[in-house]
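Here is a short briefing on one structure. Look over the chain and its partners before you read the points below.

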Amino acid sequence: MSEKQHLYLVDGSAYIFRAYHRLPPLTNPQGTPVGAVYGYTTMLWKLAEDLHKADGPTHLAVILDKAGTSFRNDLYDQYKANRPPPPEDLVPQFPLIRDATRAFSLACIEEDALEADDLIASYARAATLRGWDVTIVSSDKDLMQLVGKCATGGGCIDMLDTMKNQRIDIPEVVEKFGVPPEKVGDVLALMGDSVDNVPGIRGIGPKTATKLIQEYGDLESALAAAPAMKASKLRESLIEQAEMARLSRVLVQLKEDCPLPIPIEDFALGQIPRDPLAAFLEEHGFTSLLRRLDDGKGSPGPKTQLNPAKPENMAAPAAPAGNRQSLPSWPAVDLGAYACIQSMGELQQWIARAFEARVVAIDTETSALDAMRASLVGVSLALGPNDACYIPLGHGGADMFAERPVQIDRAEALAALKPLLESDAVLKVGQNIKYDINILARHGVHVAPIDDTMVMSFCLDAGRSETGLAGHGMDELAERHLLHTTMKFKDLCGNGKKAISFAEVPLADATRYAAEDADVTWRLHRLFQPRLVDEAGMRIYQKVDRPLVRVVAMMERNGIKVDRERLSGLSTEFAAQIARLESVIFEKCGQSFTIGSPKQLGEILFDKLGYKGGKKGKTGQYSTDQSVLEGLAGQGAEVATLVLEWRQLSKLKSTYTDALQAAINPETGRVHTSYSLVGAQTGRLSSNEPNLQNIPIRTEIGRQIRDAFVAEPGNVLLAADYSQIELRLAAHMADVPALKEAFAAGEDIHARTAMEMFGTVDRDTRGRAKTINFAILYGISRWGLGGRLGVSADEAQAMIDRYFERFPGIQRYIHETLESVRECGYSQTLFGRKTWFPRIGSKNQAERQGSERAAINAPIQGTSADIIKRAMARMMPALAEAGLPRVKMLLQVHDELVFELPEGDVEKARPVIERVMATAAEPAVKLSVPLGVEIGTGLSWGAAH
DNA sequence: GAGGTCACG
DNA sequence: GACGTACGTGACCTCT
């Protein structure tokens, strides 16, 4: 029985646009830009390799858009009229896409007057009718209409996004559009498409379009229902623009009956003939692919290789040429090439070669994620592409009776590695090397000097990833920059309860995984180094973030002492109060329920007890947050007050008094947080497991928790805060004379603002002024400010106008910042840190305005982060120089540093800390406002404020 | 895993 | 007359 036929249809035109934006600008030996072509070539390669694999192609064709007009232009002359011309260094790559396709001896289809989407739809239909399966290689949303279509012949259609390595089937479409594929056309018709200039209905975006189709079933029903809707702008638009929507429906409809220029049988995929492909690869300098071609595609799978790769296998990456980065002539990652080091002799050879290479990528494997508890299981090193090894040191240790694999003695190996890892002459590169620094420091090895690819990526690309957060993890970096899919930790060690420790992983697998990490890190480092120079990320990386890695690592190891008895006393106290509140709440509500469930609480308050003010959000659930409950309490609902108290105590107990006890490290007796150096897009640190940057302080009851953070006997805690640093920076950056004067004179800034705004200072006006000052920092809107101040939007607007008038400079700063972000795509701090805002030009109003507010705030918040980071990097040397080696820096909370020091050192340390913090901007930046620092000391953190 | 809520700067 | 309404985080809880 012959296997099922599976046709892959590659949406070539769409692919190269995406590849162009995601890949570095490479050029071939002739100087022609080929970044997108390279991406396209590797994609075809990967697809061709999957021939006859499960779900792989048996037939394959590439479909391209041909320049020109299509039948859609006859329907709507504005169709695609808005489309901006392609970037100039993409233009010469279009013909090369055809060359690449021919080089693979693959069919390449393009037809006048037909768009690629229609050809794809028609081929897909023809193939499914014949019982073939079809995979459309694209992530185009229009094509998602086809997903899941199955013909009577038995063939089905899905999609493959090769960049995300993701199959798109019906569930993925439903996830994206909220409706099944057959309704996607209706959603698209309503929302329109600014790129293709499909008009849609103005004011309707993806959210509203989805909602309408979910509710009414299809476009016509939604349009028909419009007159019965309650009066709204939406209703007007639906009625007025109904014809535009109908036209859009036709424009987005795919044509499935185009004549097929080549019959599908001709797309059969076989072994790719070598010659045309080799010539093409050579011409464009794709030497790593050329090598793979000549290696007979290099059979994957384990190859036990115990000797290090020979030096001649180490391809040196090409030096950067001008502003463009040449294509690295690296071989593809080969998991079989890595060595497993099981004898001291081999280890010594690697160490000697590392000294020669002067750059070594390292990675440690451990038994757990917490660097202060995990034990060392192995170390991997990389000296070049595929030139990497793994040194197992703690495998099979848990079970005394199991056979322990052959390994070098851990102490002996570390003693041999120590001179290398501590040598000034050898750069150690890691991905999040702070972790490895801490693991090795616990074994007496102090790794230096270092580079960190994660931090480098952050300095280059903060905010740039489409997905928003994160974006600097190794798996993601390997996909994005190396087009390589890494082995996944959970594939080795499993998930959840069934997870095993890395120490239990067989050596062959452990070697592939661990050495791959070091190999990938080495390659990323080579890519990022020239980019940091070209893209001006070097300054912030070298001066701020890189020195900070080791400082933050030290702070994490220091930890802070917490008084367990005190926390447990609070837990008991809170538990009793929670229980008491619970019974009163149940009594008042006439039933018991889960108070912690907003859903149940909302239904009881608004449906059962009938309180007013229930507003349902988009999920159809009542909101019961603090402001809502406070509103109810104002109406005399005692139960709301009780729930607020209950919430506060539950929060404090579960998040702090219980959790912090559990976080005490049994070995050190202290709590060690972990700081993320890439956690916040603005350049701030973030703290996790546990988060020590959100310990309560604003309420009296919460403040007790701060008192549980204590100094060791004979020591005190010292807390040093920057006072109003963000407002000071705003005054400097926006050049606001009145604010600068006030800061120079040491005035109460909110009081000064109140005087300027309202002509009088009292508790009320000062409070309002404070709110307005923050609103400015966060990017203002009259609705937001009005809501906060409890005034109308018009009144809020009047205040904003007055603020701009009294503090000239602010408005100009906002305007100039936004202009610059729109033009460059990123904002910058005074020290040159970039934050990218890819959604600043979004068509979606809410999304765009959100980006605008973030972009106004980022330079201010980011500059503040730069300043305290500079202070941190200088602090320990300054203290040492002042003869204060026993002062420990423990915590950073954005504008505050916490130290622990012998009581007798306080008077000497105070001015040193004050000076380092107050002068941290210098000499790089000369601020026109002083930086105020407030210092307090005490036996606990609470007392130090 | 998402959504709601709330702790911090 | 309405979209969602302040910037940046992380943790815990409930519910699907």
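In which loop does aspartate 735 lie? Aspartate 735 sits in the loop between α27 (725-733) and α28 (737-744). Keep in mind that this is a predicted model.

**Backbone angles and cis bonds**

- Most residues other than glycine have a negative phi, and most peptide bonds are trans.
- Aspartate 735 has a phi near 55°, a positive value in a residue other than glycine.
- Aspartate 735 counts as partly exposed because its relative accessibility is 38%.
- Histidine 894 also has a positive phi, near 70°. Histidine 894 lies in the loop between β21 (888-892) and β22 (896-902).
- The peptide bond from alanine 448 to proline 449 is cis, with omega near -10°. Proline 449 belongs to the loop between α16 (433-441) and β12 (450-452).
- A cis peptide bond also runs from glutamate 689 to proline 690, with omega near -5°. Proline 690 is placed in the loop between β16 and α26 (700-706).

**DNA strand C**

- How many residues surround DNA strand C? There are 33, and the closest are Lys233, Ala775, Trp783, Gln845 and Arg853.
- Sugar or phosphate accounts for 64% of the atoms of DNA strand C within 4 Å of the protein, and bases make up the rest.
- Asparagine 691 places a polar side-chain atom 2.9 Å from a sugar or linking oxygen of DNA strand C.
- Glutamine 861 has a side-chain N or O atom 3.1 Å from a sugar or linking oxygen of DNA strand C.
- Arginine 788 meets a base: a polar atom of its side chain lies 2.9 Å from a base nitrogen of DNA strand C.
- Two or more residues of the surface near DNA strand C come from each of α25 (638-662), β16 (686-688), α30 (763-778), α31 (782-789) and α34 (845-881).
- The largest share of that surface comes from α34, with five residues.
- By type, the surface near DNA strand C holds seven nonpolar, 20 polar and six charged residues.

**DNA strand B**

- DNA strand B is surrounded by 20 residues. The closest are Thr624, Lys651, Ile697, Arg698 and Asp895.
- Of the atoms of DNA strand B within 4 Å of the protein, 77% are in sugar or phosphate, and the rest are in bases.
- Threonine 624 uses its backbone: one N or O atom there lies 2.7 Å from a phosphate oxygen of DNA strand B.
- Aspartate 625 has a polar backbone atom 3.4 Å from a phosphate oxygen of DNA strand B.
- Arginine 647 uses its side chain, with a polar atom 2.9 Å from a phosphate oxygen of DNA strand B.
- α25 gives the most to the surface near DNA strand B, namely three residues.
- That surface divides into six nonpolar, eight polar and six charged residues.

**Strands and sheets**

- What is the strand order in the open sheet of three strands? The order is β14-β13-β17, and the pairing is antiparallel.
- β14 (670-671) and β17 (709-710) are the edge strands, and each pairs on one side only.
- Strand β13 (residues 560-562) is joined to β14 by two bridges. Lysine 561 has arginine 670 in β14 as its bridge partner.
- Elsewhere, seven bridges join β18 (residues 715-723) to β23, and these strands run antiparallel. Alanine 719 stands opposite glycine 936 in β23.
- Strand β23 (residues 932-938) is mostly covered, with five of its seven residues buried.

**Cavities and a buried alanine**

- Rolling a probe the size of a water molecule over the atoms shows where empty space is left.
- Two cavities of 30 Å³ or more are counted. The largest cavity has about 40 Å³ of space.
- Which residues line the largest cavity? They are Ala730, Ala734, Ile776, Leu777, Ile810, Tyr813, Ile856 and Ile860.
- Two or more lining residues come from each of α30, α33 (810-824) and α34.
- The lining has eight nonpolar residues, no polar and no charged.
- Alanine 242 is part of helix α11 (residues 242-252). Alanine 242 counts as buried because its relative accessibility is 11%.
- The C-alpha atoms of alanine 242 and alanine 226 are 9.6 Å apart, and the two residues are separated by 16 residues along the chain.

Conventions
Residues numbered from 1 in each chain as written. Chains lettered and ligands numbered in written order. Predicted model: local features only at pLDDT ≥ 70, side-chain atom pairs only at ≥ 80, totals over all residues. Heavy atoms only, no water. Near = heavy atom within 4 Å. Polar contact = N/O pair within 3.5 Å; in protein donor to acceptor, adjacent residues only side chain to side chain. Helix = DSSP H or I, 4+ residues; strand = E, 2+ residues; numbered from the N terminus. Nonpolar A, V, L, I, M, F, W, Y, C, P; charged D, E, K, R; others polar. Buried < 20%, exposed > 50% of the residue type's maximum accessible area, 1.4 Å probe, protein only. Pairing = 2+ DSSP bridges. 1 Å grid on protein atoms, 1.4 Å probe; cavity = no way out; pocket = protein on both sides within 12 Å on 5 of 7 lines; lining within 4 Å. Points joined across faces, edges and corners; volume = space filled by probe spheres on them.
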